[in-house]
2 protein chains.
Amino acid sequence: MEKDRPLILVTNDDGFEAAGIWALVEAVLPHGEVVIITPDGPRSAMGHAITMNVPLRIREFESPNGIKYYRTNGTPSDCVKLGQRVVLRDRKIDLVVSGINHGSNSSASLLYSGTMAAAIEASFEGIPAIGFSLLDYSEKADFTAAKIIADYVVKKALAHPFPEHICLNVNIPKSPIEGINGIKITKQAHGYWHEDMVEREDAFGRPYYWLTGHLVTKDCDENACQCALDNHYVSIQPVQFDMTAYKHINDFKYLEQWKITKE
Amino acid sequence: MEKDRPLILVTNDDGFEAAGIWALVEAVLPHGEVVIITPDGPRSAMGHAITMNVPLRIREFESPNGIKYYRTNGTPSDCVKLGQRVVLRDRKIDLVVSGINHGSNSSASLLYSGTMAAAIEASFEGIPAIGFSLLDYSEKADFTAAKIIADYVVKKALAHPFPEHICLNVNIPKSPIEGINGIKITKQAHGYWHEDMVEREDAFGRPYYWLTGHLVTKDCDENACQCALDNHYVSIQPVQFDMTAYKHINDFKYLEQWKITKE
């Protein structure tokens, strides 16, 4: 156990074979004691799924360049839970970082994202957490610029107080570092995934469907994540898990008029 | 195709064998044309997972009491997408209802909930949506009171304008109807699931873990969902998918100071 160095838990949703997690490990290694727990395969679009109906396994491995890490059959949220409870036996974690995701988690994608679920999971218990995503879905994505951004954000986040129960959703344009105009603190752009269900027939003539789609964003004012990204800025959105639509509490007050007839 | 009756899509996360979905079907049948799409097995705690790496299947079945419905291998979110795109071929859906879940989706459970993911999925595209959950995890839960509540809420929701991109998280106490004190429009109680990882050994001496836990709620002022439920009220929380922590935008503005040196 190291003393006086921040304890940083690294996880992702693309699994241990993804280049993104090793880019993130490189970025955070100078900043603390690093523990790595990753799913044993891709867990994209898992949202905030957790594993309750099958047992969780976790085993230690070593990366080709000699870094120890843990692999589990669980989801990104499970990685955080296993990290806290099993690997670190409730030692205080100073920061959870997740990613670097191969692909954007801006706008509505935040809700489907396993990368961000891991960060949100940490924020439930008041652990500062940051999810990093690069706007490049390719397995061979170039993480050079993303590593520079992650290094900067992690260093600063460790030096500043982090508001309780808040995490950050960091999305990084696909660009060499020279093409990135800066960092914007943003709000979530309103949008949704419009699905195109591709219909096929199997060898027995039965239909099946592939879920594909594209993100449709609206409300892209200059403070929205999507707008920042379109203008080649890194988007950093502070995220809370309270999903109450406070502005609409009064719109539904009429439902309180219900009375049962008690006899 | 029926005319002039609201088109209501019913789904859940407990699958077609759960009593809760048939209780919900009974509650909504008087209120419109009802289309039922349910997972082919339990999909609890799936969060907002979607299915991208295996093909989706959907087939029509008939319930023992003669009601036609669709089963799919997908998640609750997929049910909504398949309903819109495949079954209803983009007909306008007036209301999506999800549940009645066997178990609470109050506080932090909202984020893990497949029931609520289906409702949130609908709200992305501006379809009014309501998730119903009964505070009874039993397969043999009594849905008598929950059906009365669902009937009331659905009838009222169809008669009132629904704010765009908002859905409702309805949690119903485990109680006969006489024991329910009324309905409260609430905010999400702050809380988290504290995990107790149960460690076991398999037949080969290797460890595995079962994820169990209990909800720890804080901040239970009288407007919070958990407080309403504790006082035997139905909790109805308006939910938005914008997770931006607006209050904390300024806390992170210091990160915008980053400048790369361009040569």
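Trainee: Okay, which residue in E6(A) is the bridge partner of His102(A)?

Mentor: That's Leu134(A). Keep in mind that this is a predicted model.

Trainee: Noted. In what sense do E5 and E6 of chain A pair, and over how many bridges?

Mentor: Strand E5, residues 95–102, and strand E6, residues 129–134, run parallel in chain A, with five bridges between them.

Trainee: And what's the strand order of the sheet in chain A?

Mentor: The order is E3-E4-E2-E1-E5-E6-E7-E11-E8, nine strands in an open sheet with mixed pairing. At the edges you find E3 (58–62) and E8 (182–185) of chain A; each has a single partner strand, so one side of each has no neighbour in the sheet. On average, neighbouring strands are turned by 25° against each other, ignoring direction.

Trainee: How do E3(A) and E4(A) run, parallel or antiparallel?

Mentor: Antiparallel, and five bridges join them. One of the pairs is Phe61(A) with Tyr69(A), the latter being in E4(A).

Trainee: Which residue takes a positive phi in that hairpin?

Mentor: Gly66(A), with phi near 85°. The hairpin of E3(A) and E4(A) has five residues between the strands.

Trainee: Is Thr75(A) buried or exposed?

Mentor: Buried: its relative accessible area is 4%, and the cut-off for buried is under 20%.

Trainee: So what does Thr75(A) touch?

Mentor: Leaving out residues up to four places away in sequence, Thr75(A) touches Arg43(A), Met46(A), Ala49(A), Ile50(A) and Thr51(A).

Trainee: Which strands does H4(A) lie across?

Mentor: H4(A), residues 114–124, lies across E1 (7–11), E5, E6, E7 (166–172) and E11 (233–240) of chain A. It runs at about 170° to E6(A).

Trainee: And H5(A), what angle does that helix make with E6(A)?

Mentor: About 165°. H5(A) covers residues 144–159 and lies across E1, E5, E6, E7, E8 and E11 of chain A.

Trainee: How do H1(A) and H5(A) cross?

Mentor: Their axes come within 8 Å and cross at roughly 45°. That makes H1(A) oblique to H5(A). The crossing of the two helices is right-handed.

Trainee: Which residues meet there?

Mentor: From H1(A) it's Ala23(A), Leu24(A), Glu26(A), Ala27(A) and Val28(A). They meet Lys147(A), Ala150(A), Asp151(A) and Val154(A) in H5(A).

Trainee: Switching to chain B: why would you call H1(B) largely enclosed?

Mentor: Because eight of its ten residues are buried. Trp22(B), Leu24(B) and Val28(B) are among them.

Trainee: What covers the buried residues of H1(B)?

Mentor: The cover includes strands E1 (7–11), E2 (33–39), E4 (68–72), E5 (95–102) and E6 (129–134), along with helix H5 (144–159), of chain B.

Trainee: How many bridges are there between E3(B) and E4(B)?

Mentor: Five, with the strands antiparallel. In that pair, Glu60(B) stands opposite Tyr70(B) of E4(B). Helix H2 (residues 76–87) of chain B packs on the sheet, touching E1, E2, E3, E4 and E5 of chain B, and its direction makes about 130° with that of E2(B).

Conventions: Residues numbered from 1 in each chain as written. Chains lettered and ligands numbered in written order. Predicted model: local features only at pLDDT ≥ 70, side-chain atom pairs only at ≥ 80, totals over all residues. Heavy atoms only, no water. Buried < 20%, exposed > 50% of the residue type's maximum accessible area, 1.4 Å probe, protein only. Contact = heavy atoms within 4.5 Å. Pairing = 2+ DSSP bridges. Helix = DSSP H or I, 4+ residues; strand = E, 2+ residues; numbered from the N terminus. Axes fitted to C-alpha atoms, helices over the stretch in contact; angles between N-to-C directions. Parallel < 35°, antiparallel > 145°, perpendicular 65-115°, else oblique. Left-handed = near helix turned anticlockwise from the far one by under 90°.
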